[in-house]
Amino acid sequence: KIVLPDSTSVYLNSGSRLAYGRDFGSGNRNVWLKGEAFFEVTKDAAHPFLVNTDRMIVKVLGTVFNVKAYDTKEDIETTVVEGKVEVSLKEGSEKKVILLPSEKISLKNNGMTKEVTSSHAVVPGISYEVKTVEPDIKETGMPEEAVWVKEKVIFTDEPFEMVALKMERWYDVHIHFENEKMRNILIMLILMKRCIYYR
């Protein structure tokens, strides 16, 4: 956990780095993220909080959200827990999407997917699918994309290759596939602390 000069709390996941300048808070509150972080941003309408990643910028005034931007095959994602955020693609300044609580946006291969409710929409230059991001109400009350903050990881129909990447960070190990076909097997399990539970 890191507390920034404006009292914003940031939780960094394994293999992640966060940077900010000495002038943080004098204008926009800019931070730069490599990896994954959970933000509880202190409200300050006069100084927007911006999370800069290689491919997207997340702008907020004061809210709770998760950003995942590892330099791997994983999707780049922003998931909102409370409040509202504006997500902009760096590839095009006109490509902006507003996210509300329990909404997630995923970026892969120059495409952007927004997940909220079951519907489809197309915006010039951006194609996205909309569906619900369900909170893990029984255990944490948070979307599964952010439950790592509670020392828990949930996998829902993810390829074993993506699960392995997360487990490598979670346990600080390297996973080698002797059988390449295993990479594409879909896995659904729950990891909590250092125990594994299947469901």
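## Strands, core and pocket in a predicted model

Strands β2 and β4 run antiparallel and are joined by four bridges. Strands, at least two residues of E, and helices, at least four residues of H or I, are DSSP runs numbered from the N terminus. Two strands pair if DSSP finds at least two bridges between them. Within this pair, Leu 12 has Ala 37 of β4 as its bridge partner.

This is a predicted model, in which local features need pLDDT of at least 70 and side-chain atom pairs count only at pLDDT 80 or more, while totals for chains, interfaces and linings use all residues. Residues are numbered from 1 along each chain as its sequence is written, and side-chain values use heavy atoms, with hydrogens and water left out.

**The chain as a whole**

The protein chain has 19 strands and one helix. It holds 199 residues, and 46% of them are buried. Buried means under 20% relative accessible area, exposed means over 50%, and partly exposed lies in between (1.4 Å probe, protein chains only). A contact means heavy atoms within 4.5 Å. Among contacts with a separation of 6 or more, 39% are between residues 24 or more positions apart.

**The start of the chain**

Strand β1 covers residues 2–3, strand β2 covers residues 9–12, and two bridges join them in the antiparallel sense. Ile 2 faces Val 10 of β2 across this pair. The hairpin of β1 and β2 has five residues between the strands, and Ser 7 there takes a positive phi near 80°.

**Strand β6 and its partners**

Strand β6 spans residues 56–60. Its covered face carries Met 56, Val 58 and Val 60, and its uncovered face carries Ile 57 and Lys 59. Which strands pair with β6? One is β5 (residues 49–52), antiparallel, through four bridges. Another is β9 (residues 85–89), also antiparallel, over four bridges. Val 51 stands opposite Val 58 in β6. Lys 59 stands opposite Glu 86 in β9. The link from β5 to β6 is a hairpin of three residues.

| Residue | Relative accessibility | Class |
|---|---|---|
| Asn 28 | 41% | partly exposed |
| Glu 86 | 23% | partly exposed |
| Ser 88 | 12% | buried |

Asn 28 sits in the loop between β3 (17–19) and β4. Neighbours up to four places away in sequence set aside, Asn 28 touches Pro 48 and Leu 50. Asn 28 and Lys 59 are 31 residues apart in sequence, and their C-alpha atoms are 9.7 Å apart in space.

Glu 86 belongs to strand β9. Residues up to four places away are again left out, and Glu 86 touches Ile 57, Val 58, Lys 59, Lys 96, Val 97 and Ile 98. Val 97 is eleven residues from Glu 86 in sequence and 5.7 Å from it in space, C-alpha to C-alpha.

Ser 88 also lies in β9. Beyond its neighbours within four places in sequence, Ser 88 is in contact with Arg 55, Met 56, Ile 57, Lys 95 and Lys 96.

**The nonpolar cores**

In soluble globular proteins, nonpolar side chains tend to be buried together. A nonpolar core here is a set of buried Ala, Val, Leu, Ile, Met, Phe, Trp, Tyr and Cys residues joined through side-chain atoms within 4.5 Å. The largest has 26 residues, and those touching the most other members are Val 31, Phe 39, Phe 49, Val 51, Val 58, Phe 65 and Val 85. Strands that each supply at least two residues of this core include β4 (29–40), β7 (64–69), β8 (76–82), β10 (96–99) and β11 (104–108). Where does the largest share of this core come from? It comes from β4, with four residues.

A second, separate core has 15 residues, including Val 153, Val 163, Trp 170 and Tyr 171.

**The second largest pocket**

A pocket is an open set of points on a 1 Å grid over the protein atoms alone, with protein on both sides within 12 Å along at least five of seven lines; lining residues have an atom within 4 Å of a point. The second largest pocket is lined by Lys 59, Val 60, Leu 61, Gly 62, Thr 63, Lys 84, Val 85, Glu 86 and Ile 98. Strands β6 and β9 each supply at least two residues of this lining.

How values were computed:
1 Å grid on protein atoms, 1.4 Å probe; cavity = no way out; pocket = protein on both sides within 12 Å on 5 of 7 lines; lining within 4 Å.
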